Amino acid sequence: MIRKDRQVTDRDLQRQILDSADVMRIGMVVDGAPYVVPVSFGYTWEGDLPVLYAHGAKVGKKVEGLADGSRVCVEFDRFIRYDQLRHGITARYQSLIGMGQVTEVADVEEKAAALSVLCAHCGYKLFDPAACGSLTGTKVWRIDLDELTGKQNLRALE
C-alpha cells in the first residue's frame, strides 16, 4: 500500500466498516476469466478475521466460480463524498479487501444459521430462514478469509 497513512489495520475499525457496508463484491475466476458479482452478505467474527456468508440460486456463473475450495477476493466500500482541495479533488471513503477460500454450506441447519446471520446484517434480525419455503432451493457459501486489508481517507479538508 503506497499511502500507509490511510491503511486500516485495527480490527475494530474493520468491523465497523463491514457493519456499514451494504454489498460485498466477490471476485472469482469463471471459465478462465475474471468475474465479479455484488451480493448481500453477513458475517461472524472468528478469531482474528471475519467469516463471510453469501447466498444465491443453484445455477449460474456465481455457482461455477464458487466451487468448494475456490480462492476468491472480496471487496467492501463506503463512499462518503468528494471534496475539492487546493490541488485537486479527492474522495472520502473506507474500503476493505480480503482473500479467502469458499465452502458451500450444505447442512440445512447450518444453512439456516448462515442465512440468519445474513438476514440480520441486512436489517431483518427477526426473519427465520428455517421457516422459509425457498431454503432448499438456495445455495449458501462460507468464505473463510486468510487476509483482510483496509484503507480510508477521512481527513478533514486541507
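User: Which residue of β7 stands opposite C73?

Analyst: The residue opposite C73 is M99 in β7. M99 also has E147 of β8 standing opposite. Keep in mind that this is a predicted model, where local features need pLDDT of at least 70, side-chain atom pairs count only at pLDDT 80 or more, and totals for chains, interfaces and linings use all residues. Residues are numbered from 1 along each chain as its sequence is written, and side-chain values use heavy atoms, with hydrogens and water left out.

User: What makes β6 and β7 count as paired strands?

Analyst: Two strands pair if DSSP finds at least two bridges between them. β6 and β7 are antiparallel and joined by 14 bridges, so they pass that cut-off. They also form a hairpin, with two residues between them. On to β8: β7 pairs with β8, again in the antiparallel sense, over 13 bridges.

User: How many bridges join β4 to β5?

Analyst: Five bridges join these antiparallel strands. The hairpin they form has two residues between the strands, and in it G47 takes a positive phi near 70°.

User: What is called a helix or a strand here, and how many of each are there?

Analyst: Both are DSSP runs, numbered from the N terminus: helices are H or I runs of at least four residues, and strands are E runs of at least two. The protein chain has three helices and eight strands. Their order along the sequence is β-α-β-β-β-β-α-β-β-α-β.

User: Why is S95 called buried?

Analyst: Buried means under 20% relative accessible area, exposed means over 50%, and partly exposed lies in between (1.4 Å probe, protein chains only). S95 has 17% relative accessibility, so it counts as buried. This residue sits in strand β7. Contact means heavy atoms within 4.5 Å, and leaving out residues up to four places away in sequence, S95 touches E75, F76, D77, T149, G150 and K151.

User: What makes a group of residues a nonpolar core, and which residues have the most contacts inside the largest one?

Analyst: A nonpolar core is a set of buried Ala, Val, Leu, Ile, Met, Phe, Trp, Tyr and Cys residues joined through side-chain atoms within 4.5 Å. The largest has 27 residues, and M24, I26, L52, V72, V74, F76 and I143 have the most contacts inside it. Among the elements giving two or more residues to this core are α1, β2 and β8. Apart from it lies another core of six residues, including V51, Y53, V105 and V140. Among the residues that I26 touches, not counting those up to four places away in sequence, are Y35, L66, C73 and I143.

User: How do you know that the buried residues of α1 line one face of the helix?

Analyst: In α1, Q14, I17 and L18 are buried. Seen down the helix axis, the buried residues fall within an arc of 100°, so they line one face. The arc is taken from the directions from the helix axis to the C-beta atoms.
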